[in-house]
Amino acid sequence: MELVAARQQQSDHQPSLIPLDPPKSETLLPVRFISTGKVIMSTEKTIYGTPVVNGLAYAPAAWVSRFQIPKLDATPLPESERETETTRFDQAAATVSARLAARAKQAVGTASDVLAAQSELSADPGYRQMVHQAIKAGTPAAVAALQTTEKFCAMFEKAGGLMAERTTDLRDICTRVVAELLGEPEPGVPQLREPSVLLADDLAPADTAGLNPEMILALVTEQGGSTSHTSIIARQLGIPCIVAMRELGCVPPGEKVFVDASLGSLTLGAPVHEVLPRVEADVRAREAIRNWAGPARLASGEEVELLANVQDGAGAQKAASGYAQGVGLFRTELCFLDSTHEPTLDEQAAVYCEVLTAFPNQKVVTRTLDSGSDKPIAWATLEQEPNPALGVRGLRTTGLNQGLFTRQLDAIAAASKQHSGKNWVMVPMVSTLPEVKWVTKLIRERGLVAGIMVEVPAAAIMIDHFLEEVDFVSIGTNDLTQYVMAADRMNANLATYTDSWQPAVLTLIARVARVGQEKGKPVGVCGEAAADPVLACVLIGMGVTSLSMAATAIPGVGAQLGAVTLDQCQAAAAVVLQAADAGDARARARRALGLR
Ligand code: PEP
Ligand code: MG
């Protein structure tokens, strides 16, 4: 029945306000129902959300259930039913305790301890005794459990400290017991009997204790964005994840689904013989990432420089302990988001020094303040602007206070004196030739290597002239995409537009890379596009000379680059420019790279 309902829902599908990319596929497929042996025509349905962690999975869907205790009937029980009611409570509490204990066994570390403690708490004799007394006095079991829990919580809260912190656990146990008594499914993440794809409206922090990557092959939520709790946990655990999948509600529990988190898609009724080999290949690829040890090299032997994006000394140290060959983007504005006044030259130099010393003798690209828009700094930006993303940000803040820029350059120069590596400096949001000439002069006067970011379309269009002036450029694909597509990068509803696979964006990147090659000047990419393993191959094929990304993304990119040749990368770079949209570009690139 559920299957039929799901099939019906898809035929009711209304065009979405938000264009979905790639287009939806609905193919008629014969599906054989094992129980009846009958072959009937069913449809394959694919729905889309926002990709967060790449990976493929094919497994039954398991829903996180949201149970809220309803208004309970408190009519006193007749004497004759009280004993049975007591047994019913004991069984419900024992079931809950056993489930929690089983989950504790599946989990690891702190999560396992938390679940084991919850299991013990649900079997607590003092609690049980109090509930028994209430039932004996005629209170129905669910009401007795609820009232007793509240009494315990009041006591715990009065005691304060660690005891008070246990009230959340206690209320969670009570909800589980009441759900069991009412015959409702277990609230929260269900006890999984086989590896599954976990579906939820969104994950609450409490749901995340005990998420076991061996049992949860992918995570898909209806709500959330790329910075939501679900996304953070998925990244930490390395579970393929998609968020903001608006039509997720049509997926029945238990139905096998195919998740392609790199495309942000979930398919119902996917042909097993087609998807299983892909999933197996993906598992092998993820294994290769775990085993990747750098430095990055294409299968045809060419080395690729992989750098880290960092925002402070601690992040730089962490990146240096991994496989980063230097820093491709040091976001200096993020060091000062909380400060109420402009740090002195010495204060600034000390912060910059921490990053430089993490990479002795290596390249560190320090970016001058990119304050404004989504990164306002009290002492550097305008308080209120009608349209901040198109406002006074990056280099443009020098219009408000030119001294800020030169004082920062002095601080970077001071820090660089103590660094024997390559001290490169680049400037964000540069858009005119006079700006390029001006910043290049100021940077070089201080003995530093001078560059600009290419993140305003004007810079990409004028790149022939700009590259004559500077020593290098780095393409900020996050902003370049936002400005080329006229789509706010902070707006989750515009995710289809703020996708660097958009052919218009790729065309500009290809142009910048080509001119860089012609003039023999380095062209890096430091936006999120560099962290997409497939897009990274395309960028190298276009002639980009370095890729900078979150340090955690480096093994994934490195492993993918190691699996393809330069010829394949160049072929992929050529075909994406013929694509109709972002989905088409992805598909063309994958084919050219020999990926399924
Ligand atoms: C970019 O725009 O791609 C970039 C790297 O800069 P930020 O994300 O800090 O704006
Ligand atoms: Mg930017």
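1. Arg331 is found in strand β11, which covers residues 326-331. The model is a predicted one. The relative accessible area of Arg331 is 19%, and because buried means under 20%, Arg331 counts as buried. Leaving out residues up to four places away in sequence, Arg331 touches Asn309, Val310, Gln311, Arg367 and Asn478.

2. UniProt, in an unreviewed entry, places the feature "binding site" at Arg331, Arg367, Asn478, Asp479 and Arg489. This assignment comes from the record, and such annotations may be inferred rather than shown by experiment.

3. Arg367 lies in strand β12, residues 363-367. Is Arg367 buried or exposed? Its relative accessible area is 3%, so Arg367 is buried. Beyond its neighbours up to four places away in sequence, Arg367 touches Leu329, Phe330, Arg331, Thr332 and Glu333, and also Lys375, Gln408, Met426, Pro428 and Met453.

4. Gln408, one of the contacts of Arg367, lies in helix α12. Gln408 counts as buried, because its relative accessibility is 2%. The side chain of Gln408 makes a polar contact of 3.0 Å with the side chain of Tyr352. A polar atom of the Gln408 side chain also lies 2.8 Å from the backbone nitrogen of Leu369. With neighbours within four places in sequence set aside, the contacts of Gln408 are Thr332, Gln348, Tyr352, Arg367, Thr368 and Leu369.

5. Helix α11 runs over residues 345-358 and has 14 residues. From its first C-alpha to its last α11 reaches 20 Å, close to the 20 Å expected at 1.5 Å a residue. Which residues of α11 are buried? They are Gln348, Ala349, Tyr352, Cys353, Val355, Leu356 and Ala358. An α-helix has 3.6 residues a turn, so residues three or four places apart point the same way. The buried residues of α11 pack against strands β10 (305-310), β11, β12 and β13 (422-427), and against helices α10 (313-320) and α12 (402-416). The polar contact between Tyr352 and Gln408 joins two side chains, with Tyr352 among the buried residues of α11 and Gln408 in α12.

6. The magnesium ion (ligand 2) is coordinated by Glu455 (OE) and Asp479 (OD), at 2.1 Å. These two residues link distant parts of the chain, being 24 residues apart: Glu455 is in the loop between β14 (449-454) and α14 (457-461), and Asp479 is in helix α16 (residues 477-484). Glu455 counts as buried because its relative accessibility is 2%. Asp479 is buried as well, with a relative accessible area of 3%. Asp479 is also among the UniProt "binding site" positions.

7. Val220 belongs to strand β6, residues 216-221. Its relative accessibility is 0%, so Val220 counts as buried. Val220 and Thr230 are 10 residues apart in sequence, and their C-alpha atoms are 8.9 Å apart in space.

8. Thr46 is placed in strand β2, residues 39-48. Thr46 counts as buried, because its relative accessibility is 7%. What joins the side chains of Thr46 and Thr267? A polar contact of 2.9 Å does.

9. Some backbone geometry deserves a check. Most residues other than glycine have a negative phi, and most peptide bonds are trans. The peptide bond from Gly294 to Pro295 is cis, with omega near -10 degrees, and Pro295 lies in the loop between α9 (272-291) and β10. Ala244 has a positive phi, near 55 degrees; Ala244 is found in the loop between β7 (241-243) and β8 (256-260) and is buried, at 11% relative accessible area. Met429 has a positive phi, near 60 degrees. Met429 lies in the loop between β13 and α13 (433-445) and is buried, with a relative accessible area of 1%.

10. For the chain as a whole, there are 21 helices and 17 strands. Of the 596 residues in the protein chain, 51% are buried. Among contacts with a separation of 6 or more, 66% come from residues 24 or more positions apart. The protein chain exposes about 26900 Å², of which carbon and sulfur atoms supply 54%.

Key. Residues numbered from 1 in each chain as written. Chains lettered and ligands numbered in written order. Predicted model: local features only at pLDDT ≥ 70, side-chain atom pairs only at ≥ 80, totals over all residues. Heavy atoms only, no water. Helix = DSSP H or I, 4+ residues; strand = E, 2+ residues; numbered from the N terminus. Buried < 20%, exposed > 50% of the residue type's maximum accessible area, 1.4 Å probe, protein only. Contact = heavy atoms within 4.5 Å. Expected span 1.5 Å × (residues − 1). Areas by Shrake-Rupley, 256 points an atom, 1.4 Å probe, with all protein chains shown as cover. Donors = N, O, S within 2.8 Å, 3.2 Å for Na, K, Ca; no water. Polar contact = N/O pair within 3.5 Å; in protein donor to acceptor, adjacent residues only side chain to side chain.
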